[in-house]
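Try each task before reading its solution.

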Amino acid sequence: MAVEASDGPVTFKKSSASKSNQLHSEMKNSDSYDDGQSNRKTSDVPASNGQSSSSLNGKASAIESSVDISKESNLKTYTKSSPSANSKFPSLGNKNESLLEKKIPKCDDFEDEEDNTPLSDIRMKMNNDNDKKATPNALKKSYEDSDDDDIPLSARLPHNTNLGESSSNYDDSDKQETASKLSVKRPLDEIGSLHSSGKKPKLSDPGSSINAKQISVRSDAKVEEEDDDDIPISRKKNKVVKLMDKSSSSKKLTNVAKVNKGAAPSFKKKEKLKKSGNESEHSQSTKLQLSSGDGQKKWTTLVHNGIIFPPPYNPHGVKILYKGKPVTLTPEQEEVATLFAVMRDTEYMEKEIFKDNFWNDWRELLGENHVIQNLKDCDFTPIYDWCQIEKDKKKQMSLEEKKALREEKMKQEEKYMWAIVDGVKEKVGNFRAEPPGLFRGRGVHPKMGKVKRRIRPNDVVINIGKDAPIPECPIPGESWAEITHDDTVTWLAKWRDPIKPNKLKMVSLAASSSWKGQSDKEKYEKARMLKSYIGNIRAAYTKGFTSKDITKQQIAVATYFIDKLALRAGNEKDDEEADTVGCCTLKVENVTAEGHNKLKFDFLGKDSIKYENTVEVEPPVYKAILKFQKDKQPGDDLFDKLDTSKLNAHLKELMPNLTAKVFRTFNASFTLDDMLNKETKDGVVAEKTAVYQHANKQVAIICNHQRSVSKNHSTQISKLNEKIDELQAVLKELKIDLDRARKEKPPLKRSSDGKNKRNLNPEAIGKKIAQTSAKIEKMQRDIHTKEDLKTVALGTSKINYLDPRITVSWCKRHEVPIEKIYTKTLLEKFAWAMDVDPDFRF
DNA sequence: CTTATGACTTGCAGCAAGGACG
DNA sequence: CGTCCTTGCTGCAAGTCATAAG
């Protein structure tokens, strides 16, 4: 393959390759993918922030309740093979339209695009000049793609005709039918009625904090819903509630577990039985009918209980020392002092800005004429020690006590954990107001150390259905700032960030919710669409490299970077934030021309993560960069004629809804799909998951997802090495024993303790040798992967960039249990992708 | 147009729960 | 069967991008 593109202008050389070296030089060896060439460097992550947790934060871990159920449903869906997709993602119609009318799904852009895009010709042209030299997989692939670009889209993506509706289904011939037949999808109310003989379910459990006007409770309860149809809703509701409780019980857990692990691996190949009909039943949990468009109505009914606040500050009365003397503080002053005290052994304490900012804010609380006149003379040790003791006490608590505490918390929080959206119960993401704390920015942040004051109900705007009861304000005597009923947004509550007052903090549904699932899916569909446009786009920007119009030229080069290097767009930032850059905000000093068409990138990107990479670029790009840098200072903008909105406006001319970030998604998913399909061999599951991990790692490298090396990394490594040494010694002895045994001599005494060993026959010794060396090998592999991944973060791409359908379909094809790849929460998050066709390709 | 703001996604680190280990 | 380690999950900061406002 690859042939085709090889003559064109765009040289996507080692993009990923070069990047791969990016993280550490260590990994260069042994990694077949990092072939080379590129000059990667080690980037030392400036791991900025040592967070120490303040004891104030309660972290409640989200508990299983609903989880299990949904899991179950996933499995179900799974097993029964794909046909349910449609119902899961109902068309985007308006709830009010009759279902039947909706036969032809309304497609967003996707469909249209395809139709009117005259890609073919353009593409053809392109192919001829496409050049893709050492293209790394991703790009290479894309090139190939562009090759088939001449194939009429319709032919290429036959199934996608209805993208808007159900892109995931490749062959939905029958589904289609099904859909129109029982266009159950949709409106929950409708679904509700379906199941409940037309009445709107009423949720009126007095005990429950949520009173929904209409609830048909699907997702979680769906299991039983089916048999419940004739039960009066009110009762049903109770049942549902119960069910949910149950779900957290171990019983349910076990069931699920059984299903999973049992004889039926999650991804056994199944013949695809396509039944039409009854899928609607299962299509539950995700009814995504939201349209992607903005300003669109996102919901009809929305019921929730608002948010919960941290408990009020409980003064401990411990005094700090000022110039050696104890000072009594008011509770407010003490609270802030405590926030500072607990940060004693973080690296923030070495940062002057941090201390200055803290002092400024604290001083305000102390008042002008306070005894305490400077921070330097304050000794917070007493408070620090007190906190340590408290921490220890907590640690010492018995298991029961801890459990009781946790349950207590759960009980308090439970009502906040759920919202009912259009009758469907959904998990809420973060329903806790952020506790007060000292702001920790990442990198060199001008505001670090500022006091993040306590959020009160009066700061919080609640967004809720008109007919829903207004959540009771959890703090007596206070009240919400405002109640809105904005059905064009998906947040349930918001407040202004006290640190950056023009930033908002919002409470919305959890990642497993339909809202999130739907937009996630749309995101990946958009990226997939880019696949068919990419050839074109590359041709276009290649042409632009030499444009006389400097703006166009800059756009071309910027797009090239975004495509090739997966750079972020790079919005403008103000001085109140850490100084980081993205593509459009690159400074002259961030890119160095090193000769031979090599450009060295070196800058701090999002979260102040260092991006360091040297790449060979197209000669015209190289020239263009030299030109852009000419007559500028190091700190000047490289792309002075450009900003993200201009760039995105341009991208939109090339493909509908295209923006810069789509390239990251595209490159990531494409790479995964490509690598999985090239690398996966027959073998045991562990080998396959290793392939997956390897692909995942490449993606992480492309996206520059780093993590800081854990503090005890080196100790861990040396421990492993020690063990290996020990085993090696054992091995040596065994070999001697083997020799002797063959000569029928008894084994020597054990060197370690001088005791006698059992006299074994050669076979037995041979076996031991094999075992031991296997152990050694395994440990060596462990060390290797550990080193390999010590600065690479795989999670971010798995969560945000890799189309789960690639993973799921791959698992199905290769009989890898999906649980080997996705954790429980990820399975929930990706519920929408579980029933993908095994043949799905990105 | 430019700037501000709002809505929503992406990102790393820390923590705590769960698993491996001796 | 406690301790050490690993890992998943949450917290919240920091991006992107559309749009409203000036």
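Helices are DSSP runs of at least four residues in state H or I, numbered from the N terminus. Keep in mind that this is a predicted model.

**Exercise 1. Find the helix that holds glutamine 629, and decide whether this residue is buried or exposed.**

Solution. Start with the helix: glutamine 629 belongs to helix 21, which covers residues 619–629. Next, take the relative accessible area, which is 15% for glutamine 629. Buried means under 20%, so glutamine 629 is buried. Finally, follow its side chain: the side chain of glutamine 629 reaches the backbone oxygen of valine 591 at 2.7 Å.

**Exercise 2. Work out which parts of the chain are linked by the salt bridge between arginine 456 and glutamate 478.**

Solution. First check the contact: the two side chains meet with an N to O distance of 2.7 Å. Then place each partner. Arginine 456 sits in the loop between strand 8 (451–452) and strand 9 (461–463). Glutamate 478 is in the loop between strand 9 and strand 10 (482–484). The pair, 22 residues apart, thus links distant parts of the chain. As for accessibility, arginine 456 is partly exposed at 37%, and glutamate 478 is partly exposed at 27%.

**Exercise 3. Explain why the pair arginine 805 and glutamate 525 ties together parts that lie apart in sequence, and find the network that includes these residues.**

Solution. Begin with the salt bridge, where the side chains of arginine 805 and glutamate 525 come to 2.6 Å, N to O. Arginine 805 lies in helix 28 (residues 804–814) and glutamate 525 in helix 19 (residues 514–544), so the bridge connects parts that are 280 residues apart in sequence. Now look at burial: arginine 805 is buried at 0% relative accessibility, and glutamate 525 is buried at 4%. Last, trace the shared partners: salt bridges join Glu525, Arg528, Asp803 and Arg805 into one network. For context, the structure holds 27 salt bridges.

Conventions: Residues are numbered from 1 along each chain as its sequence is written. Chains are lettered from A and ligands numbered from 1 in the order in which they are written. This is a predicted model: local features need pLDDT of at least 70, side-chain atom pairs count only at pLDDT 80 or more; totals for chains, interfaces and linings use all residues. Side-chain values use heavy atoms; hydrogens and water are left out. Helices (H or I, at least four residues) and strands (E, at least two) are DSSP runs, numbered from the N terminus. Buried means under 20% relative accessible area, exposed over 50%, partly exposed in between (1.4 Å probe, protein chains only). A polar contact is a pair of N or O atoms within 3.5 Å; within protein, one must be able to donate a hydrogen and the other to accept it, and residues adjacent in sequence count only if both atoms are side-chain atoms. A salt bridge is a side-chain nitrogen of Lys or Arg within 4 Å of a carboxyl oxygen of Asp or Glu.
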